[in-house]
Amino acid sequence: MTQNEKLAELSAAGVSVWLDDLSRDLISSGDLATLVDTKSVTGVTTNPSIFQAALSAGTSYDAQVGELAARGADVDATIRTVTTDDVRNACDVLAPVYEATDGVDGRVSIEVDPRLAHDTDGTIAQAIELWKIVDRPNLLIKIPATVAGLPAISKVIAEGISVNVTLIFSVERYLGVMNAYLDGLEAAATAGHDLSTIHSVASFFVSRVDTEVDKRLAAIGSSEAKELQGKAALANARLAYAAYEDVFGGDRFAALVAEGGRSQRPLWASTGVKNPDYPDTLYVSELVAPNTVNTMPGKTMDAFADHGWVNTSSIIGLGDASREVFDKIAALGIDFTDVFEVLESEGVSKFEDAWNELLIATAEQLRAAKG
């Protein structure tokens, strides 16, 4: 099999191509392995919405749910078993990539229960539990970048567990995430962990920023406001990358590198384009920089494979221009602090809603299995 040239070029530019999707059919059909061989896929991310969609479609999970029902498993135990089985099997598919990249890629993520987003201790406990259940070195535990999530990130990293920090919307919160990661690495070093085995990515959400800011710009309705539509998300991500370069180019991290520490790569998430007026590869082509990850829905990956282009001048050196975009938008009266608070609250709520739908659907499956 040959790799798609456009995705291979993206990968060669330093962007790891990850798939933002997972299902049992994707694994058992061999399609995930094919994506590795033909579309440069080197990782997989999941979230409650993805699992809710997977378990509600088709019959792939019916036999296992029936077996769990016969054993008397409750709803939470059933979901935990089914989802961790899928993630473990995906980890095994990606194990060769993990080995070939010295653990940098070949990663599969699983998220803590979204109902724990504001519960530090509960997040820590479940992160450790999921790490033990999946029992694969190429796993990433997803922890939300809420205020309660930050100390959980540090503690879980300190335990030697690799983490995908999710639901990051602002550069200010991203700085807190990077600090939490470094705190965790320092504690891990003190505890005697091999820092070279601890990996992390920071999932910075992109398209949702444009969705929220564009809505507010449209309400203003001036020509200047209209000209600024579709610019906030990319500017925000570019400022995030500049912050990444500052932090991981600094003295504090240099001391950790000497002990084997790895940088926490920025991961561009929410890269599916929601506005049909924008190019469908916008949040891939315009976010190309070394040591980054772009996790894409299948539709976005297919679009890039067909007609995407790799703009290697899309991030580095654009910090000042990006700050100017933010200043112009703020000057129109848009409060970015409020924008990011709304997005974080909505992000947590969307995952909670998906999880609750999953609970209800699984409870019905268990009841049907019991007859």
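**Close-up views of a predicted model**

**Figure 1. The surroundings of asparagine 164.** Leaving out residues up to four places away in sequence, asparagine 164 touches Thr45, Ser109, Leu140, Ile141, Lys142, Ile143, Val201, Ser203 and Leu267. The model shown here and in the other views is predicted. Asparagine 164 lies in strand β5. Its relative accessibility is 0%, so asparagine 164 counts as buried.

**Figure 2. Leucine 167 in strand β5.** Strand β5, which covers residues 163-168, also holds leucine 167. Leucine 167 is not a glycine, yet its phi is positive, at about 60°. With a relative accessible area of 3%, leucine 167 is buried.

**Figure 3. The whole protein, for orientation.** The protein contains 18 helices and 8 strands. Its radius of gyration is 20 Å, close to the 21 Å that the globule rule gives for 371 residues, so the protein is as compact as a globular protein of that length. The C-alpha trace spans about 60 × 50 × 45 Å along its principal axes. Of the 371 residues, 56% are buried. When contacts between residues at least 6 apart in sequence are considered, 79% of them join residues at least 24 apart.

**Figure 4. Helix α8 against helix α9.** Two packed helices are described by the angle between their axes and the distance between the axes. For helix α8 (residues 120-134) and helix α9 (residues 149-158), the axes come within 9 Å and cross at roughly 30°. Angles under 35 degrees count as roughly parallel, and α8 and α9 are therefore roughly parallel to each other. The crossing in which α8 passes α9 is right-handed. On the α8 side, the contact is made by Thr120, Thr123, Ile124 and Ala127, and on the α9 side by Pro151, Ala152, Lys155 and Val156. By class, the residues of this contact of α8 with α9 are 5 nonpolar, 2 polar and 1 charged.

Figure 5. Threonine 146 is located in the loop between β4 (139-144) and α9. Its relative accessible area is 1%, and threonine 146 is therefore buried. Apart from neighbours within four places in sequence, threonine 146 is in contact with Ala117, His118, Arg173, Glu344 and Val348.

**Figure 6. Helix α11 against helix α18.** Helix α11 (residues 207-220) packs with helix α18 (residues 336-370) at an angle of about 125°, and their axes are 10 Å apart. That angle makes α11 oblique to α18. As in the view of α8 and α9, the crossing of α11 past α18 is right-handed. From α11, the residues Arg208, Val209, Glu212, Val213 and Arg216 take part; they meet Phe336, Asp338, Val339, Val342, Leu343, Gly347, Lys350 and Phe351 of α18. The contact of α11 with α18 has 7 nonpolar, 1 polar and 5 charged residues.

**Figure 7. Helix α3 and its packing partners.** Helix α3 covers residues 31-38, and its buried residues are Leu32, Leu35, Val36 and Thr38. An α-helix has 3.6 residues a turn, so residues three or four places apart point the same way. After α3 comes serine 40, which has a positive phi near 60°.

Figure 8. Serine 270 is found in the loop between β7 (265-269) and α15 (282-285). Although serine 270 is not a glycine, its phi is positive, at about 55°. Serine 270 has a relative accessibility of 12% and thus counts as buried.

**Figure 9. Glutamate 5 in helix α1.** Glutamate 5 has its place in helix α1, which covers residues 5-12. At 70% relative accessibility, glutamate 5 counts as exposed. Glutamate 5 and glutamate 346 lie 341 residues apart in sequence, and their C-alpha atoms are 37 Å apart in space.

Terms used. Residues are numbered from 1 along each chain as its sequence is written. This is a predicted model: local features need pLDDT of at least 70, side-chain atom pairs count only at pLDDT 80 or more; totals for chains, interfaces and linings use all residues. Side-chain values use heavy atoms; hydrogens and water are left out. Axes are lines fitted to C-alpha atoms, for helices over the stretch in contact, and angles run from 0 to 180 degrees between N-to-C directions. Helices (H or I, at least four residues) and strands (E, at least two) are DSSP runs, numbered from the N terminus. Angles under 35 degrees count as roughly parallel, over 145 as roughly antiparallel, 65 to 115 as roughly perpendicular and the rest as oblique. A crossing is left-handed if the near helix is turned anticlockwise from the far one by less than a right angle, and right-handed if clockwise. Contact means heavy atoms within 4.5 Å. Ala, Val, Leu, Ile, Met, Phe, Trp, Tyr, Cys and Pro count as nonpolar, Asp, Glu, Lys and Arg as charged, and the others, Gly among them, as polar. Buried means under 20% relative accessible area, exposed over 50%, partly exposed in between (1.4 Å probe, protein chains only). The radius of gyration is taken over C-alpha atoms; the globule rule is 2.2 Å times the number of residues to the power 0.38.
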